[in-house]
Amino acid sequence: MKTPLLTLMALLLLTGSLVGQQATPPAASASAPLTIGETFTLESTVLGETRTINVYAPPAWDEEPGTPRPVLYMPDGGIAEDFLHVAGLLQVSVGNGTMRPFLLVGIENTQRRRDLTGPTDDPEDRTIAPVVGGSAAFRAFLRAELMPLIDARYATTGETVLMGESLAGLFVVETLALEPTLFDTYIAFDPSLWWNRGHLVETARNWIPRVPGSRTLWLAHSSEETIALLTGRLGEILAQGAPGSLTWHVEPMPDETHATIYHPAALKAVRSLLAVGSR
């Protein structure tokens, strides 16, 4: 009779022999690009450059093909920017029934700090990029070129949302202040309201009462001190003088930083504003 030690050694030798015989990996096909949506370029006359646009339509099991959808526009919408994580958020939210099906349109940056900032008389602001203050031209590009093209290429309902973070959040608030009828819903996370010495907050008592019709503004801020202070101040002014036709909300998120706020804030925003049955 073999001893237990001899039996164990024999099993180890047999196992090692079998592992050695399985060293050849299985055959695999050649790799191919992973595609989740569509991308196209637009020759912009307004901006004088080529812009890349990324589009994603999260599947909705109970929606007939070709059903018109509202559109969520996002600056910082490049594949290497915020497009992929927002597309994933929409895919999960539409799939689990906590959000209505939207068409996501991401605008890839060329000169981000030029396009997303308005004029400034603060010399410190001018140090962030060779060219700043181009938000009016970028807004004209959205209004005159991109939005009509999206409506022509896809089935849309006419409902529109603009969402962004940091400088893109600044652009969201500035658009509500200067051209409030361009979008229906404005969503801004940690907006860079310090721009131009806090001009948008300083003049809020003037532009907030002029917001016409039914519009929605949803703000969130992290623990970043300056942004939290200015966003909170804007909330106070809204509480004192917002017209009844403007729905607004400020969401403090002190556990988040400027680097982490986008995704958790976006989840809160879409569940609050864009939920099934919300319109």
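Author: Two strands are said to pair if DSSP finds at least two bridges between them. By that rule strand β5, residues 156–165, pairs with strand β6, residues 185–189: the two run parallel and are joined by five bridges. Within this pairing, Val161 has Thr185 of β6 as its bridge partner. The model is a predicted one, in which local features need pLDDT of at least 70 and side-chain atom pairs count only at pLDDT 80 or more, while totals for chains, interfaces and linings use all residues. Residues are numbered from 1 along each chain as its sequence is written, and side-chain values use heavy atoms, without hydrogens and water.

The strands β5 and β6 belong to an open, eight-stranded sheet with mixed pairing, ordered β1-β2-β4-β3-β5-β6-β7-β8. At its edges stand β1 (38–44) and β8 (246–252); each has a single partner strand, so one side of each lacks a neighbour in the sheet.

Because 11 of its 12 residues are buried, α5 is largely enclosed by the rest of the structure. Buried here means under 20% relative accessible area, with a 1.4 Å probe and protein chains only. The buried residues of α5 are Leu167, Ala168, Gly169, Leu170, Phe171, Val172, Val173, Glu174, Thr175, Leu176 and Ala177.

Technical notes. Buried means under 20% relative accessible area, exposed over 50%, partly exposed in between (1.4 Å probe, protein chains only). Helices (H or I, at least four residues) and strands (E, at least two) are DSSP runs, numbered from the N terminus.
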